[in-house]
Amino acid sequence: MNLLIQMAWRNIWRSPWRSGVVVGAMALGVWAGVFMMGLAQGVNAARTAAALDDYVGHAQVTDSNFVANQEVQALLGQPELWAAALDAHPGVEAWSERVVLTAVLQAGAASAPVQVLAVDPERESRVFTAPRHVVEGRLGSEGITLGQKLAEQLGAGLGDRVVLTFQDVRGEIHTVLFAVEGVYDGVSNLVEGVQVYAPLAALAPELMGGDSLVQGRGAVHQIHFRVRNLDSLDATVAELRGAVAQPGSAIVRTWREISPDLSYADEVLAQSLLLFMAVILFAMAFGILNTMLMAILERTRELGMLMAIGLTRRKVFRLVVWETLLLSFAGMPLGLLLGHVTIAVTSRTGITIEGVDKGLAEFGLQSTIYPVSVPEYYLPIAVLVAVLGLLSSLYPARKALKLNPIESMRVL
Amino acid sequence: MSTSSQPLLRVDRVVKTYESTAGPVHAVQGVSLDLERGAFAALVGPSGCGKTTLLNAIGGLDRVTSGQIWIDGTEITALGDRETIEFRLHRIGFVFQAYNLVPVLNAWENVAFVMELQGVGVRDRRDRAFELLSSVGLAGKELQRPAQLSGGQQQRVAVARALASRPSLVLADEPTANLDSKSTETLLDIMHELNRQEGTTFLFSTHDQRVIDRAEQLVHLEDGRIVG
């Protein structure tokens, strides 16, 4: 190995305590950063998983016009062919058809705007977990199911009669009388306040304005489906896109297309976490800079002698830069290792945060968080350490460059 | 100008004046001297007479106010900073009063450091460093760090380091000032032997009588002038 680099490495350990503190601080900083990254990724992964399970689903087949303007007339063409394709695909675990309407729900004197999800209760509960969160009654095959918040708002309870008013595909206003058959505990107050479930079999003919040609499965806005392995979702979706010969304006969308905010959250989180790490390391860079300045001050005489016997200013600069980089890098592997091990352990045991259950539940999260391993960040962290190490070496190296051999050798 | 008939070192009317708060200090005042190749010479005189200033000027560590210095046919007073460093690296060896070894390098690494700067390969510089350490009586001490060596031994490592680059001239500033009598005698014996064997020219600055007694050429300085 180059003697200059060996010298730089050994110089670090001339003050073992001082360098040890810097190395320890770096290890601690990297550990804290990595662990926080893992924790944040765990929260995000849980939030995404909860959102997919609760209301987004893994993927859906729908009409592109429905995506564009949510018009009630934008029905999915040939839903029976799509249903057959989904049934036939081995990667698809379950599917559920939906009619989605905007309506007004009236209970007694109170009324509220709602979004109606007309579903087959049995199929719906195989794709989404939300129907399993029914706290009173059941997800009705004849009646309507309200969120707790809406039920409270309207003063409606099980067995009460409510009227749903909406526009059918012909533009005519329809009113349908339902009994409240269930009350669910939704992923958030917002969802509970606006979303209601109604039986697809009862609502679809009404939606078509009583058209006898269209029954049941004939009136569908979306078919949501769940895959057996989320990692192969893209492949499954790609295969399904070619499964129906003439799909017309039907499209198959993954959750990333259905709810881009969820995947944006992933990207934003990745950037935020690196920024967070950069702030930690930036603070550490000042400690490293200070340590190196002290080291240069203590070794003024030695550096002067080295310059006298032939060490060029360029090599003096290089020596100080190497020393700073090695000092910066010494604690990083330990920090990464500790962070990795901590995440590996806590990703199995989980970290339970007491007293914030309700707050977390608002985001669809449990109070136990399972951190996620983040090896994809290790290289960016190493680059950050290198860049900040390099930056913090510049001032001490400049100081060393200004040394005069004779004057330096006079220093006691 | 590099011919064997010319002196290895020529100092021609060198003046060095410092500015201080009390006014100008005339450290060296028009010194001229010649040193033949293979000389074992000493600049002698009381403290503050300008020995170290002249030695620093000869070594290219300090700029002269006026005058010229030639070493082995090269006028070092005319060289730029980078060329001076390069010249020092290849042509001049230094031995300092306080040894000035690098504490984190062991004996052979200290000796080899200059060769590394010269671009000598690992094997060659290791062989040469071991050979030099052996010639200064430190065989078996190659892997010891300066802190594990006595003052005399450290100064012998410094001598080996000064010779590592096969310089034309070794400048030794008060090399025995921190040594006891026995170490001084040993060091002088070694330097004299190397002077004879390798033909390296030595120039000391000293006021140590033991060094003065061994020197083959003496240059007496007083108040920055040669007095004999």
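In what order do the six strands of the open sheet in chain B lie? They follow the order E6-E7-E8-E3-E9-E10, and their pairing is mixed, where two strands count as paired if DSSP finds at least two bridges between them. This is a predicted model, in which local features need pLDDT of at least 70 and side-chain atom pairs count only at pLDDT 80 or more, while totals for chains, interfaces and linings use all residues. Residues are numbered from 1 along each chain as its sequence is written, and chains are lettered from A and ligands numbered from 1 in the order in which they are written.

**Confidence in the model**

- The pLDDT is the predictor's confidence in each residue, on a scale from 0 to 100; its mean for chain A is 87, and 95% of the residues of chain A reach 70 or more.
- In residues 212–217 of chain A, however, the pLDDT is below 50, and beyond near neighbours in sequence this stretch has eight contacts in the model; a contact is a pair of residues whose C-beta atoms, placed from the backbone, lie within 7 Å.
- Where pLDDT is low, the predicted coordinates should not be read in detail.

**Overall form of the two chains**

- Chain B, with 228 residues, has a radius of gyration of 17 Å, which agrees with the value near 17 Å for a compact globule.
- Along the principal axes, the C-alpha atoms of chain A fill a box of roughly 105 × 50 × 35 Å, and the C-alpha trace of chain B spans about 50 × 40 × 35 Å.
- Buried residues make up 39% of the 412 residues of chain A and 47% of the 228 residues in chain B; a residue is buried if 20 or more other C-beta atoms, placed from the backbone, lie within 10 Å of its own.

**Sheets of chain B**

- Strands of a sheet pair through backbone hydrogen bonds, either parallel or antiparallel.
- In the six-stranded sheet, the edges are strand E6 (92–95) and strand E10 (225–226) of chain B, each of which pairs on one side only.
- Within chain B, strand E3 (residues 40–44) runs parallel to strand E9 (residues 217–222), to which four bridges join it, and Ala41(B) stands opposite Gln217(B) in E9(B).
- Another open sheet of chain B has four strands in the order E2-E1-E4-E5, with antiparallel pairing, and its edge strands are E2 (23–35) and E5 (74–75).
- Five bridges join strand E1 (residues 9–20) of chain B to the antiparallel strand E4 (residues 66–71), and Val15(B) stands opposite Ser66(B) in E4(B).

**Where chain B meets chain A**

- On the chain B side, 17 residues are in contact with 14 residues of chain A.
- Helix H2 (81–91) and helix H3 (107–118) of chain B each supply at least two residues of this side, and the largest share, five residues, comes from H3(B).
- The residues of this side divide into 11 nonpolar, two polar and four charged, where Ala, Val, Leu, Ile, Met, Phe, Trp, Tyr, Cys and Pro count as nonpolar, Asp, Glu, Lys and Arg as charged, and the others, Gly among them, as polar.

Key. Contact = placed C-beta atoms within 7 Å. Rg over C-alpha atoms; globule rule 2.2 N^0.38 Å. Buried ≥ 20, exposed ≤ 12 C-beta atoms within 10 Å, placed from the backbone.
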